[in-house]
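Please look over the sequence and the structure shown below. The paragraphs that follow lead through selected parts of it, one after another.

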Amino acid sequence: MAHRGLVVDMKSLDPRIYVDPAAMQADVSGGALWEEVLRHCVLRYAAAPRSWTDYLGLTVGGTLSNAGVSGQAFLHGPQTENVTELEVVTGNGDVLVCSSKQNSELFFSVLGGLGQFGIITRARVLLQPAPDMVRWIRVVYTEFSDFTRDAESLVTRADGDSFDYVEGFVFVNSDDPVNGWPSVPLDRYGSFDPARVSRKAGPVLYCLEVALHYKINDPPSSIDMKVEGLVEELRFEEGLRFEVDVGYMEFLLRVKRVEEEAKAKGIWAAPHPWLNLFVSKTDIADFDRVVFKNILKHGVGGPMLVYPLLRSKWDSRKSVALPEGEIFYLVALLRFCSPYQKGGLSVQQMVVQNQEIVQICNKIGIDYKLYLPHYNSVEGWKHHFGNQWTRFQDRKARFDPMAILAPGQKIFSRNWQHS
């Protein structure tokens with residue numbers, strides 16, 4: 001993980017979580033897991049952070065060093081937009097408290113800074129009242145244009161009255177138990193009727209996934225009315241709607257159940273060569289045509305997420321690199337290499353296919369940025385950051401001039417000279 005270097009296990013620190021219910025914020029150790037923050041805040045204070053990742057078995061400091069995105073990001077921004085203060089250990093060895101008004105350059109550098117400027121040891125996270133329940137809905141599309149139009153309309157509603165969570169995914173138009181129709185129903189008693197799929201459908205289909213928060217004492221009729229008012233505007237395939245009501249924590253910990261099932265089968269520790277991209281709205285249809293409908297038409301052995309985010313919810317002073325335009329899409333190819341799966345790609349073949357996708361994006365001119373980026377050369381990083389590269393260098397020179405932090409990313413070598 002860090003050739004000839006050191007790995008700091010932040011989870012070994014005391015995972016402190018101090019909640020201020022009056023201010024609706026929590027001071028959280030950088031090594032605390034988001035699932036620990038969730039349980040502590042909800043069970044003791046009926047409050048919760050506003051923005052999440054899909055998988056909560058990650059550290060607070062880790063996701064804030066990248067961005068932290070999920071289906072709430074269109075509403076509240078990524079996790080980096082939902083912290084007001086940090087305690088950071090810089091590469092200079094300084095322990096500093098920073099915010100947008102105090103040591104602000106460090107604050108903006110570290111958020112989304114890939115660990116290059118400092119180690120987050122504490123974060124002050126914004127909270128909101130926690131709902132009791134979630135109405136969780138999936139609807140299916142055969143046409144990508146219909147899917148994107150509906151997803152974009154939900155995240156850009158002028159009245160702001162939308163669902164509390166909007167995501168989506170691509171799946172294979174077949175009975176493949178992992179990649180196909182069976183991966184869509186929410187209730188174990190539900191089933192996917194392929195006869196409902198248009199005969200004109202291509203090799204892949206699209207699922208829009210939404211959720212609405214509510215309190216246990218809210219009138220059921222008001223919940224139904226709001227849901228139906230939003231759903232009736234969507235143009236999905238008739239008869240391919242799946243929904244279930246679940247507890248709020250159960251919804252947020254939905255990937256935890258997948259983890260537990262995979263561990264029980266002995267396959268959780270298998271390699272996960274994931275590829276995560278931000279793709280501009282202007283090029284997402286080309287990405288669908290070339291990648292989803294062609295290269296990945298048989299699936300990736302796991303979810304293929306695709307859903308819109310809003311650039312206006314991201315502070316450009318922070319270190320995350322984004323594609324152009326107000327709307328861009330998260331594309332996450334969450335590959336899973338099962339040692340027991342026959343006929344699937346090997347780990348190396350998956351890595352090669354990921355590289356092929358990136359190369360094709362470059363070749364046909366798709367406007368994208370890698371999320372959780374990895375490059376083997378400084379040139380790759382320069383291209384990634386674009387006109388932010390000089391700022392990134394300046395911040396490195398200020399907060400970690402000896403390039404002690406995160407050298408394995410191959411952004412800066414120990415003997416680098418900032419010019």
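Is Leu-230 buried or exposed? Leu-230 counts as buried, because its relative accessibility is 3%; buried means under 20% relative accessible area, exposed over 50%, and partly exposed in between, calculated with a 1.4 Å probe and protein chains only. The model is a predicted one, in which local features need pLDDT of at least 70 and side-chain atom pairs count only at pLDDT 80 or more, while totals for chains, interfaces and linings use all residues. Residues are numbered from 1 along each chain as its sequence is written, and side-chain values use heavy atoms, with hydrogens and water left out.

Leu-230 is part of helix 6. Helices (H or I, at least four residues) and strands (E, at least two) are DSSP runs, numbered from the N terminus. When neighbours within four places in sequence are set aside, Leu-230 is in contact with Arg-157, Asp-161, Ser-162 and Phe-163, where contact means heavy atoms within 4.5 Å. The C-alpha atoms of Leu-230 and Trp-268 are separated by 37 Å, and these two residues lie 38 residues apart along the chain. Gly-229 also lies in helix 6, but Gly-229 counts as partly exposed because its relative accessibility is 26%. From Gly-229 to Pro-182 there are 47 residues in sequence and 28 Å in space, C-alpha to C-alpha. The loop between strand 9 (204-214) and helix 6 (220-231) holds Asp-218, which is partly exposed at 29% relative accessibility. Asp-218 and Ser-65 are 153 residues apart in sequence, and their C-alpha atoms are 38 Å apart.

Helix 1 covers residues 34-45; its 12 residues reach 16 Å from the first C-alpha to the last, close to the 16 Å expected at 1.5 Å a residue. The expected span of a helix is 1.5 Å times one less than its number of residues. Buried in helix 1 are Trp-34, Glu-35, Val-37, Leu-38, His-40, Cys-41 and Val-42. An α-helix has 3.6 residues a turn, so residues three or four places apart point the same way. After helix 1 comes Ala-46, which has a positive phi near 55°. Helix 5, made up of residues 144-155, has 12 residues and reaches 17 Å between its first and last C-alpha, close to the expected 16 Å. Its buried residues are Phe-144, Phe-147, Thr-148, Asp-150, Ala-151, Glu-152, Leu-154 and Val-155.

A buried position can also be found in a loop. Thr-80 is placed between helix 3 (73-76) and strand 4 (83-90), in the loop that joins them. Its relative accessibility is 1%, and Thr-80 therefore counts as buried. Apart from residues up to four places away in sequence, Thr-80 touches Leu-64, Ala-67, Leu-111, Gly-112 and Lys-318.

The next part concerns a pair of helices. Helix 9 (residues 284-295) packs with helix 10 (residues 347-364) at an angle of about 155°, and their axes are 11 Å apart. Axes are lines fitted to C-alpha atoms, for helices over the stretch in contact, and angles run from 0 to 180 degrees between N-to-C directions. The angle makes helix 9 roughly antiparallel to helix 10, a term for angles over 145 degrees; those under 35 count as roughly parallel, 65 to 115 as roughly perpendicular and the rest as oblique. Helix 9 contributes Phe-287, Val-290, Val-291 and Ile-295 to the contact, and helix 10 contributes Gln-353, Glu-356, Ile-357, Ile-360, Cys-361 and Ile-364. These contact residues divide into 8 nonpolar, 1 polar and 1 charged. Here Ala, Val, Leu, Ile, Met, Phe, Trp, Tyr, Cys and Pro count as nonpolar, Asp, Glu, Lys and Arg as charged, and the others, Gly among them, as polar.

Leu-372 is in the loop between strand 14 (368-370) and helix 11 (378-385), and it is partly exposed at 44% relative accessibility. Helix 11 contains Gly-380, which is buried with a relative accessible area of 14%. Gly-380 and Lys-410 are 30 residues apart in sequence and 9.8 Å apart in space, C-alpha to C-alpha. Lys-410, found in the segment after helix 12 (389-399), is not a glycine and yet has a positive phi of about 60°. Its relative accessible area is 43%, so Lys-410 is partly exposed.
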